[in-house]
Amino acid sequence: MSIHLVIIDAMNLIRRVHAAQPDPEDIASTIQVCTRALTKIIRSSEPTHIVAVFDHTEQDRGWRAELIPEYKQGRKPMPEALQAGLDKIQDALWDMGIDSLLSSGDEADDMIATLAIKVASRDGQVTIVSTDKGYCQLLQPTLRIRDYFQQRWLDSPFIEKEFAVQPQQLTDYWGLTGISSSSVSGVPGIGPKTASTLLQRYDTLEQLYAAEDVEPKWQKKLEGTEELALRCKQVATLKTDITLGFNLQDIRYNAL
């Protein structure tokens with residue numbers, strides 16, 4: 001039987017649903033809207049396996065903050081009502097036949113990436129449900145990203161239109177431009193248009209900084225920034241070697 005694994009970026013979905021509720025204290029409404037959304041996702045995708053991956057709730061920002069101290073600094077904490085209601089939300093998912101994977105130290109993004117690549121590399125179909133374009137660096141024929149809220153696929157044509165680079169160049173792109181939502185600076189003075197132009201010519205950061213024919217107007221901005229750019233690229237790169245501690249059989253979907 002062919003495998004179709006659907007991975008829900010849980011907090012990406014839940015926080016957006018919760019933010020749209022008229023009464024943030026009413027977790028029952030958040031649960032209702034989330035389960036309705038997940039029912040639609042299951043109907044349209046027909047998964048053989050499904051899991052919702054949750055970020056750990058500790059304040060530790062992990063190894064990325066060791067590379068870029070400002071990483072995710074100043075992000076708004078989770079609303080208290082939502083934090084208190086997470087167990088109820090996970091119970092509601094369990095009642096739908098969706099198991100929850102809770103990270104302990106590793107970021108959910110890296111756990112999702114590890115699981116997705118593991119299954120996709122063995123010819124299983126993988127759909128990541130998230131609005132986070134960071135997952136687009138993983139794109140391949142058997143791995144796709146679905147933005148539920150915009151009802152669109154974050155696919156290669158989308159990336160080329162949005163960033164003017166190939167999916168495999170996204171981490172190089174963010175190494176230059178930074179990621180403002182995560183307080184990753186990138187190279188000062190290098191904006192999206194310049195970054196895409198440079199990567200169209202030089203393909204990767206490593207090749208860009210090794211090149212001897214970079215135009216003076218860009219060379220001046222790049223001078224002395226290689227270490228910073230490579231650190232920003234590393235921070236933007238999802239890990240795909242996290243120890244998960246379970247197998248696919250554990251997250252097989254059985255409609256209840």
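Visitor: Is threonine 30 buried or exposed?
Guide: In this predicted model, threonine 30 has a relative accessible area of 0%. A residue counts as buried under 20%. Threonine 30 is therefore buried.

Visitor: Where does threonine 30 lie, and which residues does it touch beyond four places away in sequence?
Guide: Threonine 30 is part of helix 2, which covers residues 27–45. With residues up to four places away set aside, its contacts are Ile14, Val17, His18, Gln21 and Ile89.

Visitor: How many helices and strands does the protein have, and how does its radius of gyration compare with the globule rule?
Guide: The secondary structure consists of 11 helices and six strands. For 256 residues the globule rule gives 18 Å, and the protein is close to that, so it is as compact as a globular protein of that length. Its radius of gyration is 19 Å.

Visitor: What share of the contacts with a separation of 6 or more is between residues 24 or more positions apart, and what share of the residues is buried?
Guide: Residues 24 or more positions apart account for 69% of those contacts. Of the 256 residues in the protein, the buried share is 50%.

Visitor: What is the strand order of the open sheet, and which strands are at its edges?
Guide: The sheet has six strands with mixed pairing, in the order 3-2-1-4-5-6. An edge strand pairs on one side only, which here applies to strand 3 and strand 6 (152–153).

Visitor: Which residues stand opposite isoleucine 8 in strand 2 and strand 4?
Guide: Strand 1 (residues 4–9) runs parallel to strand 2, joined by five bridges. Strand 1 also pairs in the parallel sense with strand 4 (residues 125–129), again over five bridges. The bridge partner of isoleucine 8 in strand 2 is alanine 52, and in strand 4 isoleucine 8 faces valine 129.

Visitor: Why is strand 2 described as largely enclosed?
Guide: In a regular strand, side chains alternate between the two faces of the sheet. Strand 2 (residues 49–54) is largely enclosed by the rest of the structure because the buried residues number six of the six.

Visitor: Where does UniProt place the feature "binding site", and which residues does aspartate 109 touch beyond four places away in sequence?
Guide: The unreviewed UniProt entry places this feature at Asp109. Aspartate 109 belongs to helix 5 (residues 108–120). Its relative accessible area is 15%, so aspartate 109 is buried. Not counting residues up to four places away, aspartate 109 touches Asp132, Tyr135 and Leu238.

How values were computed:
Residues numbered from 1 in each chain as written. Predicted model: local features only at pLDDT ≥ 70, side-chain atom pairs only at ≥ 80, totals over all residues. Heavy atoms only, no water. UniProt positions renumbered as here; feature names shortened; annotations may be inferred. Helix = DSSP H or I, 4+ residues; strand = E, 2+ residues; numbered from the N terminus. Buried < 20%, exposed > 50% of the residue type's maximum accessible area, 1.4 Å probe, protein only. Contact = heavy atoms within 4.5 Å. Pairing = 2+ DSSP bridges. Rg over C-alpha atoms; globule rule 2.2 N^0.38 Å.
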